[in-house]
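Please look over the model shown here together with the notes that follow it.

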Amino acid sequence: MMESQKPSSSFNESGIYFFNDDSNAVFVDPVRVLNRSYNRFNVSPSTYYLRSFESPRSEPLSTTVTASDQQPKRKRKRNKKKEPPPLNAREQIANRRHQEVRPLLLKAHESLLQCTEMLDVLRTLRNDSCGCSKREHESVEHSFIELAQEMPLLEVTLNMPQHEPHQRLIDINDDFPSVQFCEQIVLPAFNNLVANDTEDDAVAEILNSQYIVPRQSCFYMSDLGQIRNLIPANADSGFNLIVVDPPWENASAYQKSRYPTLPNRYFLSIPIKQLTHTDGALVALWVTNREKLRSFVEEELFPAWGVGYAATFYWLKVISEFFHLLALIACDAIPNSGEGQWILDW
């Protein structure tokens with residue numbers, strides 16, 4: 001296979017690298033992507049990537065022999081393994097999907113391993129190159145789901161900057177009070193559209209914690225029952241890109257209490273058609289590899305939303321040797337199911 005081209009300045013600016021082969025794979029660096037949205041702030045790679053990407057050093061094996069090692073070990077009687085039960089119809093479909101997508105993911109992984117220049121980039125991916133001073137900045141992570149229940153009247157203070165854009169870059173670990181603000185706007189934190197319609201970054205404060213609000217952006221924190229408040233009065237002001245990451249029912253998430261989930265039927269009421277622009281929109285939906293969920297999406301959810309299938313993107317997390325976490329995206333135009341995927345729909 002031909003080796004991929006050397007990462008260019010476009011990757012440093014965009015954070016996205018397209019492999020120069022037929023794998024349809026793309027490497028994404030979230031830090032570079034995030035920093036494209038900021039004028040005065042920079043995400044620190046050493047803070048974002050909690051672990052380094054260096055290869056772990058192999059430790060020498062111990063040659064010490066203990067008395068217990070010298071004693072003969074009793075052989076355990078092994079029970080004969082039972083034959084697994086035959087796959088049902090749904091499991092057979094899921095297995096076929098897996099077999100179809102497996103070569104695609106392996107090819108994407110191989111493209112990364114053969115791109116030596118990109119591997120060199122990964123080894124220094126955690127280095128801070130923005131030239132900003134780094135200071136430890138401890139902040140409390142709030143659960144806004146719990147806050148919405150406990151403090152429904154919670155307010156957010158939106159601080160607008162005083163100096164001109166691009167005056168200097170500030171590391172997100174720097175103390176925010178060092179930035180001069182010319183205006184403070186106090187707004188309800190929940191069930192309210194908090195917007196920064198300026199051409200510079202703003203800082204939102206909630207319970208003494210600070211959050212960066214990029215230029216020309218907004219956020220709306222609410223529950224699914226209030227989503228119709230986002231429907232624009234004029235269809236020409238609708239969204240042309242909608243990303244949906246539903247809290248699907250998931251046994252693992254439920255057992256570990258990572259986040260509350262909702263039954264599938266709740267997502268049927270999302271007014272995708274009313275939210276989209278009159279010229280159409282691209283809808284990206286995150287799903288898992290459960291065949292039951294895939295059937296629900298194809299047979300019930302898509303018809304209810306009025307969208308059609310376009311393509312599938314597989315998110316491949318590579319954990320091998322010095323790779324602790326990589327974002328490698330592989331594209332497939334055939335509707336398959338993988339560990340996790342974005343389904344793009346018109």
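This is a predicted model: local features need pLDDT of at least 70, side-chain atom pairs count only at pLDDT 80 or more; totals for chains, interfaces and linings use all residues.

1. Residues are numbered from 1 along each chain as its sequence is written, and side-chain values use heavy atoms, with hydrogens and water left out.

2. The secondary structure of the chain comes to ten helices and 15 strands, where helices (H or I, at least four residues) and strands (E, at least two) are DSSP runs numbered from the N terminus. Of the 346 residues, 34% count as buried, a word that here means under 20% relative accessible area, with exposed meaning over 50% and partly exposed in between (1.4 Å probe, protein chains only). Among contacts between residues at least 6 apart in sequence, 71% join residues at least 24 apart; contact means heavy atoms within 4.5 Å.

3. Helix α5 covers residues 89–114, which is 26 residues, and spans 39 Å from its first C-alpha to its last, close to the 38 Å expected at 1.5 Å a residue (the expected span is 1.5 Å times one less than the number of residues). At the start of α5, a side-chain oxygen of Asn88 comes to within 3.1 Å of the backbone nitrogen of Arg90. The helix bends by about 30 degrees at Val101, and a proline, Pro103, follows within four residues; the bend at a residue is the angle between axes fitted to the seven residues ending there and the seven starting there. The buried residues in α5 include Arg97, Val101, Leu104 and Ala108.

4. How do the axes of α5 and α6 cross? The axes of α5 and helix α6 (residues 116–123) come within 5 Å and cross at roughly 80 degrees, where axes are lines fitted to C-alpha atoms, for helices over the stretch in contact, and angles run from 0 to 180 degrees between N-to-C directions. That makes α5 roughly perpendicular to α6, on a scale where angles under 35 degrees count as roughly parallel, over 145 as roughly antiparallel, 65 to 115 as roughly perpendicular and the rest as oblique. Leu112, Leu113 and Gln114 of α5 make the contact with Thr116, Met118, Leu119 and Leu122 of α6.

5. Helix α5 also packs with helix α10 (residues 291–305), at an angle of about 90 degrees and with the axes 9 Å apart, so α5 and α10 are roughly perpendicular to each other. On the α5 side the contact is made by Arg90, Ile93, Ala94 and Arg97, and on the α10 side by Glu291, Lys292, Arg294 and Glu298. Glu291 touches each of Arg90, Ile93, Ala94 and Arg97, not counting residues up to four places away in sequence, and Glu291 counts as buried at 8% relative accessibility.

6. Helix α10 itself has 15 residues and reaches 20 Å from its first C-alpha to its last, close to the 21 Å expected at 1.5 Å a residue. A kink of about 40 degrees is centred on Val297, and Val297 is one of the buried residues of α10, among them also Phe296, Leu301, Phe302 and Trp305. After α10 comes Gly306, whose phi is positive, near 75 degrees.

7. Two loop residues deserve a look. Asp29, in the loop between β2 (25–28) and α2 (30–35), counts as buried at 2% relative accessibility, and it touches Phe11, Gly15, Tyr49 and Leu125, leaving aside residues up to four places away in sequence. Ala189, in the loop between β6 (181–188) and β7, is buried with a relative accessible area of 0%; with the neighbours up to four places away left out, Ala189 touches Leu154, Glu155, Val156 and Met221.

8. Two side chains take part in polar interactions. Glu199, in the loop between β7 (193–196) and β8 (202–206), is joined to Gln216 by a side-chain polar contact of 3.1 Å, the term meaning a pair of N or O atoms within 3.5 Å; within protein, one must be able to donate a hydrogen and the other to accept it, and residues adjacent in sequence count only if both atoms are side-chain atoms. Asn35, found in helix α2, reaches the backbone nitrogen of Val43 with its side chain at 2.6 Å.
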